[in-house]
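Hello,

Here is the structure I promised to pass on. Please open it first, then read my notes below.

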Protein chains: 6
Amino acid sequence: MPENRIATVRPVAEAEATGRVAEIFADIKRTKQIDFVPALWRTLATNPVELELVWTTLKTLMHPDAVGRRSQLEPTTREMIALAVSATNGCSYCVNSHTAALRKLGASTEMLGEVLAIASLFNMTNALADGYQIEPDVLPPLE
Amino acid sequence: MPENRIATVRPVAEAEATGRVAEIFADIKRTKQIDFVPALWRTLATNPVELELVWTTLKTLMHPDAVGRRSQLEPTTREMIALAVSATNGCSYCVNSHTAALRKLGASTEMLGEVLAIASLFNMTNALADGYQIEPDVLPPLE
Amino acid sequence: MPENRIATVRPVAEAEATGRVAEIFADIKRTKQIDFVPALWRTLATNPVELELVWTTLKTLMHPDAVGRRSQLEPTTREMIALAVSATNGCSYCVNSHTAALRKLGASTEMLGEVLAIASLFNMTNALADGYQIEPDVLPPLE
Amino acid sequence: MPENRIATVRPVAEAEATGRVAEIFADIKRTKQIDFVPALWRTLATNPVELELVWTTLKTLMHPDAVGRRSQLEPTTREMIALAVSATNGCSYCVNSHTAALRKLGASTEMLGEVLAIASLFNMTNALADGYQIEPDVLPPLE
Amino acid sequence: MPENRIATVRPVAEAEATGRVAEIFADIKRTKQIDFVPALWRTLATNPVELELVWTTLKTLMHPDAVGRRSQLEPTTREMIALAVSATNGCSYCVNSHTAALRKLGASTEMLGEVLAIASLFNMTNALADGYQIEPDVLPPLE
Amino acid sequence: MPENRIATVRPVAEAEATGRVAEIFADIKRTKQIDFVPALWRTLATNPVELELVWTTLKTLMHPDAVGRRSQLEPTTREMIALAVSATNGCSYCVNSHTAALRKLGASTEMLGEVLAIASLFNMTNALADGYQIEPDVLPPLE
């Protein structure tokens, strides 16, 4: 039975990591409270500059407590946005990853279904609005 | 100065609507508590079957109280998902519309910024996961 | 050999369905003249409200005879549009599903090839038009 | 009032075209039975190699009679696929262009509405199938 | 004549910027050797955390000399990748911005045309590969 | 273990090819200096008209020496654009194929990482620019 996705680089195993990469791996496990380093991060570790940039961005936006930032959104809301974007882009790894994160935060199958129902509805209306080239309604003045 | 978007059909004016279309227009204004019918709905009114299907779906998912359904999500969370999808698809009408809806629900520029920051972050990681063809991590068993 | 897509919820087996879900499952098989319920519908059955909304929309638009609606399009044309959209979005399940539906309607490999050739051509021109930010030509007045 | 799309190159005016570009411009007008060269082709004329490649591909696939090819699809079906792809990608120029082509072929607002309704429905189901990572159903053997 | 894109927040004017935002504005002008702050950055300034994250990422990846990093790619190659992505996504602001950057680096209309021709070709083949669900060829072992 | 991608047509084996298809297969191997015909081309061979159109386009744009054209871009730059587009679209076959091509041209894991880092960055900024509906900056006059 053929595989149909073939990773294009060899991810860095946790045991192989040294220096800054090892520090980031440890920070990922500590911040996300997980006991393994997900494949995305082990793959980005083949390019340590990018590993650091993406982790800094994700940590700041998705784990605000860890950087002393006050977020306006709940953790589940943040993961729901992530899942909606990933479903829209059809990114398999990302859908699996953000579904797992939502499950860990306690989301039920029903809640997951509601997120995907809403995301898919707006993929429908987006195609309609663009397909008819609908002009925006007049908006309230900017804040 | 040239326009660069040209609506491809003539939207139905509110005063022109009759029968089922007029009923749906009234329901849209009542349900959304607005005093005009947005251009999307007046455009879909050129195809009344589709107007009814899309309005039924949107009313059920986005205005659960109006249909006696219990939603697991807050109204602002639902609109944030809509904005994240619309930003990902680059749909101008939709971005304007869901931003206006979020403003009406009280979202600040800061909160809007956080939604777009998260949505854009995951457009970045989606491209990385797909660009490296990363294999999913092992997931917890399904519920 | 690792799998690389992992369903995120457990689909509802046909034998498990009761009440409204069982009725919709029966309607799907009758309307589509198939002897099993495809995975999309068994998955949506984990969220019965969405199952009903999506099935109502799809039945109305894709099986107009079943709802007494007069369609302007042939059944094969409707499935070709579905396949073109699914190829554009890169949705694996959807490409497989709409290809199977086209085959069942009698489409040859040659006809399938023509649909995909046209869909892919316009993915090329879309990128050119957007990449140069080309202004629309003046259009004829709206009907 | 600000414009919000700015063409990134200066299109070639019809009167400026010489040699192979002038020949292709003439062929476009003759084949499409129009009396001007649309902006897409005048823009591609800034890169004559690409003008020739894209025109050859489009002429072969969309104007089969002009090249003595037998198509399995009706002209309106071909334009409907083009519109569905363009709506899915949100390409303004392309939506305007293929809507104009469908109008010229006699498509009514109702028929246009049906194409967009179907295209948008499958943008919804694509997001659901990808958002749940649904496994394909078992397909019939290939032809 | 109606506008059809409406900015959803009021960008921060250069004269309004203070503190960290003013520092980043100055760094943007110095690093990019331009005498104004582009609208993207003035918009992100409504969310200073995001302004800092996106600027750090862009400065590191696109202006490696400014951070003492050795890039494997030429500046024009980097901007070509940016334009190809923006054309694929149909992002107007981004296409305009990266075209301007390529012009500043000396790219001719011919070179711009070649980038867009290649980007659009692969949007065509992407739709074909996904539309047929083509299995990957066997790849050489990973490095 | 279920497969999750199912090719929708049976590709043409090299030994089966005759006439024009066999000639193109030979030209592909000669031009690309490979000893097998990749699955994309064997699949397109089920529709010989499309095989010829796509191969002519790809050969002209990606193998300019083979057609006596002068390209402004390096071979690696061309493949990097191809990879960036494929990662943006999430096309598995295409990502695998263009990664293999880049490897063959000598690209290191580090260089591959830089391409994907840049492509993913601009998927992030594209979503921000579209999500805020940012107006283009004033551009320099067209060349």
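Cys91(D) counts as buried, at 0% relative accessibility. Keep in mind that this is a predicted model.

Cys91(D) has a bonding partner. Its sulfur lies 2.3 Å from that of Cys94(D), and the two form a disulfide. A disulfide is a covalent bond between the sulfur atoms of two cysteines. Cys94(D) is buried as well, because its relative accessibility is 3% and the cut-off for buried is under 20%. Which hand does this link have? The torsion about the S-S bond of Cys91(D) and Cys94(D) is about 45°, so the disulfide is right-handed.

Next, chain A. A disulfide joins Cys91(A) to Cys94(A), with 2.3 Å from S to S. The link of Cys91(A) and Cys94(A) is right-handed, with 45° about the S-S bond. Cys91(A) has a relative accessible area of 0%, so it is buried. Cys94(A) is buried too, at 4%.

Then chain B. The sulfur atoms of Cys91(B) and Cys94(B) are 2.3 Å apart and form a disulfide. That link of Cys91(B) and Cys94(B) is right-handed, with 45° about the S-S bond. Cys91(B) is buried, with a relative accessible area of 0%. Cys94(B) is buried at 3%.

How many disulfides are there over all chains? The count comes to six.

Now the fold of chain A. It has six helices and zero strands. Along the sequence the pattern reads α-α-α-α-α-α. Is chain A compact or spread out? Its radius of gyration is 19 Å, well over the 15 Å that the globule rule gives for 143 residues, so chain A is more spread out than a compact globule. The C-alpha trace of chain A spans about 55 × 50 × 30 Å along its principal axes.

What share of the 143 residues in chain A is buried? Buried residues make up 63%. As for contacts in chain A between residues at least 6 apart in sequence, 45% join residues at least 24 apart.

Last, the surface and the charges. Chain A exposes about 5100 Å². Carbon and sulfur atoms supply 53% of that area. Chain A carries 13 positive and 17 negative charges.

Best wishes

Conventions:
Residues numbered from 1 in each chain as written. Chains lettered and ligands numbered in written order. Predicted model: local features only at pLDDT ≥ 70, side-chain atom pairs only at ≥ 80, totals over all residues. Heavy atoms only, no water. Helix = DSSP H or I, 4+ residues; strand = E, 2+ residues; numbered from the N terminus. Rg over C-alpha atoms; globule rule 2.2 N^0.38 Å. Buried < 20%, exposed > 50% of the residue type's maximum accessible area, 1.4 Å probe, protein only. Contact = heavy atoms within 4.5 Å. Areas by Shrake-Rupley, 256 points an atom, 1.4 Å probe, with all protein chains shown as cover. Lys, Arg positive; Asp, Glu negative; His and termini not counted. Charge placed at Lys NZ, Arg CZ, Asp CG, Glu CD. Disulfide = S-S within 2.5 Å.
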